[in-house]
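Have a look at the sequence and the model, then read on.

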Amino acid sequence: MPGGCSRGPAAGDGRLRLARLALVLLGWVSSSSLPSSASSSTSSAFPVSAASAQPQLSGRCPPACECSEAARTVKCVNRNLTEVPADLPPYVRNLFLTGNQLAVLPAGAFARRPPLAELAALNLSGSHLEEVRAGAFAHLPSLRQLDLSHNPLADLSPFAFSGGNASVAAPSPLVELILNRIVPPAAERQNRSFEGVVAAALRAGHALRGLRRLELVSNRLLYLPRDVLAQLPGLRHLDLRNNSLVSLTYVSFRNLTHLESLHLENNALKVLHNGTLAELQSLPHVRVFLDDNPWVCDCHMADMVAWLKETEVVQGKARLTCAFPEKMRNRVLLELNSSDLDCDPILPPSLQTSYVFLGIVLALIGAIFLLVLYLNRKGIKKWMHNIRDACRDHMEGYHYRYEINADPRLTNLSSNSDV
């Protein structure tokens with residue numbers, strides 16, 4: 001029995017310790033839950049908090065788009081949209097609106113509340129844009145890259161990249177502007193040259209003075225208007241490939257001191273004149289690309305050939321070849337000498353024969369005409385005398401009538417006179 005008596009109190013002490021431990025745990029749980037409940041009640045009673053002061057990123061996405069909040073990207077591609085979606089998420093940095101039916105981009109097309117303050121890259125290529133109005137890209141303070149390629153732009157406002165007045169508005173933040181293949185059909189140009197439309201947008205005030213890359217590929221440009229690059233002093237890359245440029249006489253590169261690459265491949269350039277050569281040579285960092293132009297290797301090419309042999313500006317200059325005249329076709333420009341370059345017209349033998357025959361025929365006609373005049377010299381002389389007499393009699397009659405009308409004493413007489 002003593003063993004049983006000694007076992008009873010020990011079991012009671014164990015139960016007591018377990019009860020105390022349970023009470024301690026219960027008190028800890030209740031004390032830890034009180035602050036959280038208090039904080040939740042406080043937050044419900046006072047809605048203004050740190051979270052409201054710094055709003056969390058919105059996860060909403062337009063129904064016609066695909067959004068990635070992690071990549072800060074929104075894609076609304078090939079959705080036949082007729083306007084920019086109104087409910088774009090404010091976190092977007094890269095926005096793709098390609099392959100739609102936008103037609104017109106009005107002023108404030110991207111104005112939102114909250115603003116799209118982080119939007120840096122905007123792609124509107126292939127969206128059938130025909131008109132971009134003034135202030136279309138306002139309210140995008142972080143916009144760095146804009147692609148309007150493959151749109152039939154018939155009307156590009158001079159203030160499209162700034163506010164309503166580029167001379168007083170803050171400059172655009174754009175660094176890269178892509179305007180490839182934006183030439184409209186001829187029927188939609190509204191009596192304005194495409195070159196003039198593009199030039200007006202590029203030289204409007206100081207809107208694009210921070211631009212570093214400009215692409216104008218495949219726009220069928222015939223020329224570059226005067227001073228079209230004057231307002232782009234920070235330009236580093238200029239791409240004019242696959243156009244129809246026949247000359248660079250009226251365009252100046254003098255102020256593009258930071259220019260690093262100039263692409264002029266696949267144009268209609270026939271020769272670069274001394275003024276252009278001197279400007280390109282004066283740019284300290286430029287690399288020029290001149291492949292696939294129809295160079296005319298005559299006496300006007302002598303200065304350019306000499307310049308090519310000395311300069312290191314032109315990349316791949318060993319590939320440049322003559323296209324005209326026929327006898328010089330495919331000759332490498334760097335291998336030409338001054339004796340190879342002449343301006344004497346060399347006609348094909350068949351054309352030379354036709355010109356000789358034409359000269360003989362004209363000479364025979366002239367001789368026959370002179371012979372006819374000589375044989376009829378007396379009749380021609382009499383005919384000329386008759387004409388002279390008739391003109392003299394006519395003029396004397398006019399003179400006599402004038403004298404009568406000028407004398408008031410003969411006024412009444414002139415009315416009854418037969419003369």
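1. Which strands do the buried residues of helix 3 pack against? They pack against strand 8 (155-156), strand 9 (176-178) and strand 10 (213-215). Helices here are DSSP runs of H or I with at least four residues, strands are runs of E with at least two, and both are numbered from the N terminus. A contact means heavy atoms within 4.5 Å.

2. Before going further, a word on what you're looking at. This is a predicted model, where local features need pLDDT of at least 70 and side-chain atom pairs count only at pLDDT 80 or more, while totals for chains, interfaces and linings use all residues. Residues are numbered from 1 along each chain as its sequence is written, and side-chain values use heavy atoms, with hydrogens and water left out.

3. Now the overall picture. The chain has eight helices and 16 strands. Of its 419 residues, 33% are buried; buried means under 20% relative accessible area, exposed means over 50%, and partly exposed is in between (1.4 Å probe, protein chains only). If you take contacts between residues at least 6 apart in sequence, 65% of them join residues at least 24 apart. The chain exposes about 25100 Å², with carbon and sulfur atoms supplying 58% of that; the area comes from the Shrake-Rupley method with a 1.4 Å probe.

4. Back to helix 3, which covers residues 194-202. Seven of its nine residues are buried, so helix 3 is largely enclosed by the rest of the structure. The buried ones are F194, E195, V197, V198, A199, A201 and L202.

5. Helix 3 also matters for the cavities listed here: it gives the most to the lining of the largest cavity, with four residues. The structure holds two cavities of 30 Å³ or more, and the largest has a volume of about 80 Å³. Of the 14 residues lining that largest cavity, V198, L202, L216, L224 and V228 are the closest to its centre. For the record, a cavity is a set of points on a 1 Å grid over the protein atoms alone where a 1.4 Å probe fits but cannot get out, and lining residues have an atom within 4 Å of a point. Grid points are joined across faces, edges and corners, and the volume is the space filled by probe spheres set on the points.

6. On to salt bridges, meaning a side-chain nitrogen of Lys or Arg within 4 Å of a carboxyl oxygen of Asp or Glu. The count comes to twelve. One of them joins R93 and E118, at 3.0 Å from N to O. R93 sits in the loop between strand 2 (73-75) and strand 3 (94-96), and E118 in the loop between strand 4 (104-105) and strand 5 (121-123), so the pair ties together parts 25 residues apart in sequence. R93 is partly exposed at 41% relative accessible area, and E118 is partly exposed at 32%.

7. Two more pairs are worth a look. E215 and R213 meet at 3.6 Å, N to O; E215 is buried at 14% relative accessibility, whereas R213 is partly exposed at 29%. E326 pairs with R329, with the closest N and O atoms 3.0 Å apart. Here E326 is exposed at 57% and R329 is partly exposed at 36%.

8. Last, an annotation. In the model, residues 60-94 are 0% helix and 20% strand, with the end C-alpha atoms 16 Å apart.

Terms used
On a 1 Å grid over the protein atoms alone, a cavity is a set of points where a 1.4 Å probe fits but cannot get out, and a pocket is an open set with protein on both sides within 12 Å along at least five of seven lines; lining residues have an atom within 4 Å of a point.
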